[in-house]
Amino acid sequence: MGLFDFLKGNNKETEKKEFEGKIYAPISGKILPLEQVPDEVFAQKMVGDGVAIEPDASGVMLAPVDGKVEKIFDTNHAFSVTTTSGMEVFVHFGMDTVKLDGKGFERIANEGDIVKKGDPLIKYDYEFLKENAKSVITPVIISNYDEFSSLEKKDGNAVAGETLVLNVIK
């Protein structure tokens, strides 16, 4: 085995170690099974697999992983972050929140930003959204979950930026 083969081998091992499948709560609240989301698109996993969180107060949606902000919807109700290993995490605050045209949300981060787990992305007004949205239940989805071998889902209460809600197994 040549020197370059040895280095390539190390690079492959390093890549494996770099995969980080831990996804943390982007908001605080109660973790629910995805099937309890009052929207068939999410409940039937058409967008991807994951969990949902029923928030309990106003706050800030945080980056659930280290990665790049790929998309923040114009209405600031949803975003996606892609990790360096290619895992796509999609967070959609509430149901029918797109119809609020951005009311109740304030963007902090921008598309293309490189973020760390726990970085603030979007502020939200819980009381306004609870009054005006169909639901505040917030799916946290791995949109490309079919590329991974399994997904461990957590339950209980979540603290934004601190509680592990999903563990993706490569």
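Which residues does Asp 49 touch, not counting residues up to four places away in sequence? I looked this up before anything else. Asp 49 touches Leu 34, Val 140, Ile 141, Ile 142, Tyr 145, Leu 151 and Lys 153, where a contact means heavy atoms within 4.5 Å.

**Ground rules.** I am working with a predicted model, where local features need pLDDT of at least 70, side-chain atom pairs count only at pLDDT 80 or more, and totals for chains, interfaces and linings use all residues. Residues are numbered from 1 along each chain as its sequence is written, and side-chain values use heavy atoms, with hydrogens and water left out.

**Confidence.** I checked pLDDT, the predictor's confidence in each residue, from 0 to 100. The protein averages 91, and 89% of the residues score at least 70. Where pLDDT is low, the predicted coordinates should not be read in detail.

**Overview.** I found three helices and 14 strands in the protein. These are DSSP runs numbered from the N terminus (helices, H or I, at least four residues; strands, E, at least two). Buried residues make up 46% of the 170 residues; buried means under 20% relative accessible area, exposed means over 50%, and partly exposed lies in between (1.4 Å probe, protein chains only). Of the contacts with a separation of 6 or more, 70% are between residues 24 or more positions apart.

**Back to Asp 49.** I placed Asp 49 in strand E3 (residues 49-55). Asp 49 counts as buried because its relative accessibility is 9%. Its side chain makes a polar contact with the side chain of Lys 153, at 2.7 Å. The rule for a polar contact is a pair of N or O atoms within 3.5 Å; within protein, one must be able to donate a hydrogen and the other to accept it, and residues adjacent in sequence count only if both atoms are side-chain atoms.

**Aromatic rings.** Rings of Phe, Tyr and Trp (its six-membered ring) pair if their centres lie within 6.5 Å; planes under 30 degrees apart count as stacked, over 60 as edge-to-face and the rest as tilted. I got three aromatic pairs by this rule. Phe 93 and Phe 105 are edge-to-face, 5.6 Å centre to centre with 75 degrees between the planes. Phe 93 sits in the loop between strand E7 (88-92) and strand E8 (105-107), and Phe 105 in E8, twelve residues apart. Phe 93 is buried at 0% relative accessibility, and Phe 105 is buried at 9%. Phe 93 and Tyr 124 are tilted, at 4.7 Å and 40 degrees. Tyr 124 lies in strand E10 (residues 120-124), so this pair ties together parts that are 31 residues apart in sequence. Phe 93, Phe 105 and Tyr 124 form one aromatic cluster.

**Nonpolar cores.** A nonpolar core is a set of buried Ala, Val, Leu, Ile, Met, Phe, Trp, Tyr and Cys residues joined through side-chain atoms within 4.5 Å. Of the 36 residues in the largest one, Ile 23, Met 61, Leu 121 and Val 165 touch the most other members. I also noted a second, separate core of ten residues, including Leu 32, Ala 78, Met 95 and Ile 141.
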